[in-house]
Amino acid sequence: MEKVTRMDVSKRTLLVKVGEKCGYAYFLEKGMTRSFWIVNGEEITTSFSSEGDIVFSMDELYYGKISEENVETLEDAVVYRIHLADLQELFRTNIEMANWGRIIHQNEYRRLHTSHRDRLTLPAAERYEAFRRQFPQICQRVQLGYIASYLGITLPTLSRLRAK
């Protein structure tokens, strides 16, 4: 705990910024974030995180590179910040932390794999229903445009699907 700092973070704060080294991982106690890329000037949402999750730049933690993705708070948040070097040291020296990190990444791999498969194989309506089942709290707390972006559909299409 001595390596962790509690922070109150305002809505729309970029915790991780494209093209910059952040140096920290953030454990979410309260609030929600989204990760996104900017492609041709358009924000493409790649994931959401909420209470109990951890957010950081994988590029930075694992490869020592600047982030290729932004992480933004969608609500006022309470986070616990830890230096990436301290987190890596915990993973190296504490088997419980190492296993916790492995489980987080196993779960994230499964989520990414499922999301990728669904975007390539399911019609928009089925993608939205799968998203609603997997992430019911997100549907209540996040702007529809972010969900549409995550699902790879337009906002008007998502609005039609929700109206059915």
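Let's start with helix H3. Its buried residues are Gly101, Arg111, Thr114, Ser115 and Asp118. Buried means under 20% relative accessible area, exposed over 50%, and partly exposed in between, with a 1.4 Å probe and protein chains only. Helices (H or I, at least four residues) and strands (E, at least two) are DSSP runs, numbered from the N terminus.

A word on the source. This is a predicted model, where local features need pLDDT of at least 70, side-chain atom pairs count only at pLDDT 80 or more, and totals for chains, interfaces and linings use all residues. Residues are numbered from 1 along each chain as its sequence is written, and side-chain values use heavy atoms, leaving out hydrogens and water.

Back to H3. What do its buried residues pack against? They pack against E5, helix H2 (84–93), helix H4 (124–134) and H6. Contact here means heavy atoms within 4.5 Å. H3 runs over residues 95–121, 27 residues in total. The expected span is 1.5 Å times one less than the number of residues. That should give 39 Å, and the end C-alpha atoms are 38 Å apart, which agrees.

Next, the aromatics. The structure holds nine aromatic pairs. Rings of Phe, Tyr and Trp (its six-membered ring) pair if their centres lie within 6.5 Å; planes under 30 degrees apart are stacked, over 60 edge-to-face, the rest tilted. Phe48 and Tyr150 make a tilted pair, 5.6 Å centre to centre, with 50° between the planes. Phe48 lies in strand E5 (residues 42–49) and Tyr150 in helix H6 (residues 144–151), so this pair ties together parts 102 residues apart in sequence. Both Phe48 and Tyr150 are buried. Phe56 and Tyr62 have ring centres 6.4 Å apart and planes at 80°, so that pair is edge-to-face. Phe56 is buried at 14% relative accessibility. Tyr62 is partly exposed at 37%.

Last, the cores. A nonpolar core is a set of buried Ala, Val, Leu, Ile, Met, Phe, Trp, Tyr and Cys residues joined through side-chain atoms within 4.5 Å. The largest has 18 residues, and those with the most contacts inside it include Phe48, Phe131 and Val142. H6 gives the most to this core, five residues. Which residues does Val142 touch, leaving aside neighbours within four places in sequence? Met32, Phe48, Leu74 and Ile147. A second, separate core of eleven residues includes Leu15, Val16, Cys22 and Val79.
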